[in-house]
Amino acid sequence: MNPHLKIDVQQFKVFEGTEYTVHTDQFFTEQDLIVNALDNVETRIYMDQRCVDTGKPLLESGTTGAKGHTQVIVPHITESYGSQRDPTDEDVPFCSLKSFPAKLDHCIIWARNKFESAYCEKPRIFNKFWTDNGSPDRVKDRLLNGDIPKYSMTMARQLRQRPVTWDDCITTARLKFEKYFCHKAEALIHAYPLDHVRDDGNLFWQLPRRPPHPIQFDSSLPHHMEFITSAARLFADTMAVPQADIRLNSEYILQVLGTVTVPDFSPKSKKIVVDDSEAAPADVEDMEADEKEILDVLDVVQRRHNSNKYFRDMISQEFEKDDDSNGHIDYIVATANLRAEMYGIATSDRYSIKRVAGKIIPAIATTTATVAGLVAIELFKLIRKASLEDYKNCFLNLALPAVVLSEPGAAKVTQIRDGLSFTLWDKLRVQGTESMTMNDFIAKVKEVMQLEVDMVLQGSRIIYSAILPTHRKKIKEKMSSLVRIQGVKPYIDLTVCFGGLSDEVSMDVPPVRYLLPPV
């Protein structure tokens, strides 16, 4: 080991949440280059974008069993990791996941989807709804005027069912058990009895389609209680419910379970997808919205004691397979095995379920060593500032064996006009001032691009549109009042849409970096 090697070990997650605290722009600009050894595509794409934003070289690599890859990403010379996308894996048919699992993997994916929906996606929607729409009274005014904000029904259901105490979390978990593992089975058998015959004369329930059997909750069974405990704990974490040691007290949980009123099964008219070729139904949130129901929920919740608890932000739970203390894998294991039991599918152990849920593929030392060696070779080339033809990407499969080396793809050059072209590494920079208006900003951009500006966006938010009558007055407003400053970054990347460009060129136009006025 090189005695001069200095290693600074950090255990911070690399994602948007640490962008303003740990892995800031300054953190990246202080590095000479970045070397990736990540285990998921989402984080790879994020790191690639951060390197493009800060103009840093990236050595990207990964292994999957006997397969491996290395990619060299050099500013202004090569394309980035995000320039090419691998074909996506074939999805499991929606009906198999939703109602007719044929194997344990389907149950595990279903459990993971339930985790994402209940503890990740819905809390995000809830928070965004109130960020976008303001106070409950403001939402009620809009509803009374016939203007229904998007996701109003989702918000209303969450408000009505939101647990705000540890007892509420236990109760909610018990009701979810009944819904997932008892009422769901009863609904399917009600719609398609065991002797149901299809139009072609064959029985509906025949392999690979398995009839479900309702599971009656039994607090003496460990895996039943594991679901209740893990689900209640996740609800508490998500709903910001204060917790104490009592959360792990099984006697207390049993005491609360004894007070829960579980509703009887009631058939519903909801459509059950049975065709493998049929996709998941589209979001019909706005079509189902009922102004009166939403208003009633808001009124009821506002009259409750400590009503502010119901409106406070939820905490989205990012799935983390490697931290056993967070209860995420506990929930997945209990949920997947209970669903498998309901359909007469063999259950499995914790590690096997964790491997599928976390998409874990066992590492092979020889593949890892080969990829590490190839990355080290490209590292020396980066230090020597080699030319494009000297770098090599690699795709290998030691099981064949096959090793394919190729020259990295050059950064795509988009020509706007004679004398003006750009790549994904370029940005148009506009230095802001305290007095700069939208008109001044547009003039600066037009000076370089020599094109008419149709629209300016910050993220998905339109801050100026030339075709909207209500935006005409914004042309004279100060940029400081139009943009939203986020975190400690000294700039904001804005998307500018130009007239006179083809759709293909418009898609490749880099963002305009608006440099905030010095404080």
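Predicted model: local features only at pLDDT ≥ 70, side-chain atom pairs only at ≥ 80, totals over all residues.
Reader: Which residue does the side chain of lysine 427 meet in a salt bridge?

Author: The general idea is a side-chain nitrogen of Lys or Arg within 4 Å of a carboxyl oxygen of Asp or Glu. Here the partner is aspartate 53, with an N to O distance of 3.7 Å. The two are 374 residues apart: lysine 427 sits in the loop between β7 (420-422) and β8 (428-431), and aspartate 53 in helix α2 (residues 41-54). Aspartate 53 is buried too, at 18%.

Reader: Nice. Which residue forms a salt bridge with lysine 140?

Author: That would be aspartate 299, with the closest N and O atoms 2.8 Å apart. Lysine 140 belongs to helix α5 (residues 136-144) and aspartate 299 to helix α11 (residues 291-303), so this pair ties together parts 159 residues apart in sequence. Lysine 140 is buried at 17%, whereas aspartate 299 is partly exposed at 26%.

Reader: And what links Asp324, Asp330 and Arg350?

Author: A network of salt bridges joins them. Within it, aspartate 324 and arginine 350 have their closest N and O atoms 3.3 Å apart. Aspartate 324 is in the loop between α12 (308-311) and α13 (328-342), while arginine 350 is in helix α14 (residues 350-357). Both are partly exposed: aspartate 324 at 46% and arginine 350 at 33%.

Reader: How many salt bridges does the count come to?

Author: The count comes to 17 salt bridges.

Key. Residues numbered from 1 in each chain as written. Heavy atoms only, no water. Helix = DSSP H or I, 4+ residues; strand = E, 2+ residues; numbered from the N terminus. Buried < 20%, exposed > 50% of the residue type's maximum accessible area, 1.4 Å probe, protein only.
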